[in-house]
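Please keep the sequence and the structure in view while reading.

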Amino acid sequence: MKKVFKAAVFAMAGLMAFTSCGEKSADTIKIGAIGPYSGAVAVYGTECINGIKLAADEINNAGGINGKKIEIISEDDEGNPEKSVNAYKKIVTKDKAKLIIGSLTSGCTMAITSLAQAQKVLMIAPAATAPAITSAGDYVFRACFIDPFQGTVGAKFALESLGVKKAAILYDIGNDYSSGLTENFVKTFTNGGGTIVAQESYSTGDKDFNAQLTKIKNAKPDFVYLPDYYGTISLIAKQLRAQGITTPIVGADGWDGLTADAGEEVLNGYYSNHYAADSTEGAVKTFVDNFRAKYDGKTPTAFAALGYDAVYMLRDSIIKAGSSDSTKVRDALKALDGNYVTGHLTFDENRNPVKSAVMVKLVKQDGKFTAVYNTTVEP
């Protein structure tokens with residue numbers, strides 16, 4: 001009798017546990033988040049996940065989505081594609097999430113796009129700008145504009161706003177992001193009547209750029225285009241100014257975060273970005289104020305804004321679909337047409353956003369280096 005009673009108790013406990021788990025699952029909408037929350041580019045990942053969590057908190061505090069709360073399941077891939085795959089498998093297999101925001105860098109995102117497409121997992125890449133990201137299929141979207149557009153933006157800005165005609169370029173030949181921007185910059189700049197007077201390259205991990213900069217200096221450019229991430233740019237900018245090159249320097253969204261370690265060398269610098277924190281647009285102002293309130297007064301970078309927007313894009317699509325089923329959300333997301341922190345957004349046939357970019361200028365204000373809005377470049 002005692003054994004039978006105990007067996008019944010254990011069976012009931014198991015049923016209760018199963019029911020409780022099922023109820024929790026039914027009452028929440030699980031969204032996976034994959035990014036480099038540690039490692040070499042952790043500053044990007046940390047900003048992005050902070051934006052994601054802020055959006056989820058706002059939505060949950062407002063009653064959730066169709067009465068269900070968002071549950072963010074975050075996994076750190078450390079900027080390593082193999083770890084991106086492991087993070088993806090854990091979120092999909094163990095946590096049973098069919099909606100994912102991530103990863104952040106193009107290489108890590110590319111590592112999981114085919115898996116997501118095959119398993120009908122809807123993913124939004126917040127900041128992966130390589131054109132091939134969405135080629136895996138129609139379950140893969142992105143929140144950011146793509147590299148060709150950024151290269152075009154940099155060239156149009158140089159020609160139209162800076163009024164320059166002679167460009168020098170220094171780029172990472174082994175980095176898809178850097179070389180992709182370079183290719184599209186050259187095409188737009190030369191088609192617009194500009195001339196490339198020097199095009200020098202380096203390899204990932206290089207620290208000394210003086211040989212290339214000497215050639216650039218001798219070519220007497222009107223400005224220098226530097227398409228790479230902030231860590232490398234901080235080194236290049238110091239050596240460039242030390243060589244006596246005083247021209248403007250222009251880059252892309254990989255510069256975001258540069259001001260944390262910037263010195264005088266980045267002044268007269270401009271880069272394309274997804275939004276400007278000092279914009280007076282209502283959505284931007286609300287986002288920046290709420291982010292600062294939640295994260296100790298810190299001003300959010302574009303990576304935070306893109307992560308934030310990705311959550312709201314999913315929210316709007318889930319509401320429109322009337323379901324969190326990945327296929328129904330996908331169909332609603334394709335037809336998305338709305339205003340977000342990073343601009344008014346629709347999708348093209350490849351599920352890439354059609355939206356404007358901003359150019360920001362690096363300045364020194366109140367003794368600190370910061371990026372301020374300069375102009376908007378339309379698609």
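Which residue in β13 does F347 stand opposite?

## Basis of the model

The model is predicted, so local features need pLDDT of at least 70 and side-chain atom pairs count only at pLDDT 80 or more, while totals for chains, interfaces and linings use all residues. Residues are numbered from 1 along each chain as its sequence is written, and side-chain values use heavy atoms, with hydrogens and water left out.

Helices (H or I, at least four residues) and strands (E, at least two) are DSSP runs numbered from the N terminus, and two strands pair if DSSP finds at least two bridges between them.

## The three-stranded sheet

F347 stands opposite P353 in β13. The two strands concerned, β12 (residues 343-347) and β13, run antiparallel and are joined by two bridges. They belong to an open sheet of three strands, in the order β11-β12-β13, with antiparallel pairing. Because β11 (338-340) and β13 (353-354) stand at the edges and each has a single partner strand, one side of each is left without a neighbour in the sheet. Helix α10 packs on this sheet, where α10 touches β11 and β12, and its direction makes about 155° with that of β11; contact means heavy atoms within 4.5 Å, and such angles run from 0 to 180 degrees between N-to-C directions, with axes fitted as lines to C-alpha atoms, for helices over the stretch in contact.

## The five-stranded sheet

A second open sheet has five strands in the order β2-β1-β3-β4-β5, with parallel pairing. Its edge strands are β2 (69-76) and β5 (140-142), each of which pairs on one side only, and neighbouring strands are turned by 25° against each other on average, direction ignored.

Within this sheet, β1 and β3 run parallel and are joined by three bridges, with I34 opposite G102 in β3. Strand β3 (residues 99-102) also pairs in the parallel sense with β4 (residues 122-125), over three bridges; here I100 stands opposite M123 and I101 stands opposite I124. Helix α2 lies across β1 (28-35), β2 and β3, and runs at about 165° to β2.

## How α2 meets α10

Two packed helices are described by the angle between their axes and the distance between the axes. For α2 (residues 42-61) and α10 (residues 302-321), the angle is about 35° and the axes are 7 Å apart. The crossing of α2 past α10 is right-handed, a term used when the near helix is turned clockwise from the far one by less than a right angle.

On the α2 side the contact includes Y44, E47 and C48, and on the α10 side it includes F303, A304 and R315. The residues of this contact divide into 12 nonpolar, two polar and three charged, where Ala, Val, Leu, Ile, Met, Phe, Trp, Tyr, Cys and Pro count as nonpolar, Asp, Glu, Lys and Arg as charged, and the others, Gly among them, as polar.

## The cavity

The structure holds one cavity of 30 Å³ or more. A cavity is a set of points, on a 1 Å grid over the protein atoms alone, where a 1.4 Å probe fits but cannot get out, and lining residues have an atom within 4 Å of a point. The largest cavity contains about 90 Å³ of space, a volume being the space filled by probe spheres set on the points, which are joined across faces, edges and corners.

Y44 and F303 are among the residues that line the largest cavity, together with others including Y177, Y229 and D253. The lining divides into six nonpolar residues, three polar and one charged.

β14 and β15 form a hairpin with two residues between them, and D366 in the turn has a positive phi of about 50°.

Most residues other than glycine have a negative phi, and most peptide bonds are trans. N268, in the loop between β9 (249-251) and β10, has a positive phi near 70°. A cis peptide bond, with omega about -10°, joins G102 and S103, and S103 lies in the loop between β3 and α4 (106-118).

Technical notes
On a 1 Å grid over the protein atoms alone, a cavity is a set of points where a 1.4 Å probe fits but cannot get out, and a pocket is an open set with protein on both sides within 12 Å along at least five of seven lines; lining residues have an atom within 4 Å of a point.
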